[in-house]
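Hi everyone, thanks for coming. Please have a look at the structure on the screen, and I'll walk you through a few of its residues.

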Amino acid sequence: MKFFVDTAEIDQIRELNDLGMVDGVTTNPSLIAKSGRDILEVTKEICDMIDGPVSAEVVALDAETMLAEGRKLAKIADNIAVKVPLTWAGLQTCKALSDEGTMVNVTLCFSANQALLAAKAGATFISPFIGRLDDLNMDGLELIEDIRTIYDNYGFETQILAASIRSANHMSDCAKIGADVATAPPAVIKAMANHVLTDKGLAGFMADVEKAGIKIL
Ligand code: E4P
């Protein structure tokens with residue numbers, strides 16, 4: 001499973017990228033607003049740092065303006081994936097941009113039917129939002145499973161990009177289901193390294209290091 005990092009914070013992307021943990025980046029208008037940066041500038045900086053796809057989201061609601069915004073975003077770098085919402089206008093924009101050879105990430109997906117439409121419209125990525133479904137006591141992981149089944153049934157090449165990930169368990173669950181990509185905030189990716197038995201085991205080893213006066217350097 002590929003790891004995308006879900007942030008527009010340059011330092012956090014760099015830290016994970018230096019460790020080889022970043023296959024791509026996703027942003028959205030809320031993450032751009034949080035960064036306090038200009039969308040075009042910060043997106044260009046991320047694209048220069050990362051080899052993989054960098055999602056940048058349109059902000060218009062009608063297809064014509066979305067398409068113009070998407071074309072402008074696509075000009076930032078070759079690794080831009082234009083992110084469009086899963087609305088009818090978003091699907092129209094997805095089809096037009098993918099026909100022009102631009103990668104498209106269709107976002108705000110909450111049902112298998114929406115994912116089916118995005119694949120038909122030529123989406124490179126579909127972003128089902130796990131956490132926001134879980135917040136409503138619905139099953140976000142079941143949606144990932146359903147989309148996996150449907151895409152595999154018909155050989156759709158659209159990649160399942162599990163989004164709105166809130167926990168380390170979401171990451172392993174998505175990997176077990178077979179999501180192509182998971183995008184997560186840096187804190188969630190770092191939390192994947194944690195285990196209480198690792199901490200306990202290390203504390204025991206350190207106590208023995210102290211007791212025996214073990215030194216290496
Ligand atoms: C990524 O593409 C999404 O915009 C993001 O994962 C949404 O996450 P949230 O539901 O935690 O805001």
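First, some ground rules. This is a predicted model, in which local features need pLDDT of at least 70 and side-chain atom pairs count only at pLDDT 80 or more, while totals for chains, interfaces and linings use all residues. Residues are numbered from 1 along each chain as its sequence is written, and side-chain values use heavy atoms, with hydrogens and water left out.

So, the overall picture. The protein chain has 11 helices and eight strands; helices (H or I, at least four residues) and strands (E, at least two) are DSSP runs, numbered from the N terminus. Its C-alpha atoms fill a box of roughly 70 × 40 × 30 Å, taken along the principal axes. Of the 217 residues in the protein chain, 45% are buried. Buried means under 20% relative accessible area, exposed means over 50%, and partly exposed is in between, with a 1.4 Å probe and protein chains only. A contact means heavy atoms within 4.5 Å. Among contacts in the protein chain between residues at least 6 apart in sequence, 57% join residues at least 24 apart.

Now, which residues surround the ligand? They are D6, T26, N28, K83, F129, R132, A163, S164, R166 and T183, where being near a molecule requires a heavy atom within 4 Å of it. Some of these side chains come within polar-contact range, and a polar contact is a pair of N or O atoms within 3.5 Å; within protein, one must be able to donate a hydrogen and the other to accept it, and residues adjacent in sequence count only if both atoms are side-chain atoms. A side-chain N or O atom of K83 is 2.6 Å from an oxygen atom of the ligand. For R132, a polar side-chain atom also lies 2.6 Å from a ligand oxygen. In the case of R166, the distance from a side-chain N or O atom to a ligand oxygen is 3.0 Å. Taken alone, the ligand exposes 350 Å², and the protein buries 85% of that; such areas come from the Shrake-Rupley method with a 1.4 Å probe, and for residues only the protein chains shown count as cover.

Let's stay with R166 for a moment. You'll find R166 in the loop between β7 (159-162) and α9 (168-177). Is R166 buried or partly exposed? It counts as partly exposed, because its relative accessibility is 43%. Not counting residues up to four places away in sequence, R166 touches G131, R132, D135 and V188.

Next comes T27, in the loop between β2 (24-26) and α2 (29-35). T27 is buried, because its relative accessible area is 3%. A polar atom of the T27 side chain lies 2.7 Å from the backbone oxygen of S55. Leaving aside neighbours within four places in sequence, the contacts of T27 include S55 and K83, and K83 is one of the residues around the ligand.

Last stop: F125, in strand β6 (residues 125-128). With 2% relative accessibility, F125 counts as buried. Although F125 and N105 are 20 residues apart in sequence, their C-alpha atoms are 4.5 Å apart in space. Beyond four places in sequence, F125 touches several residues, among them F4, P53, N105 and V181.

That's my tour, so please ask away!
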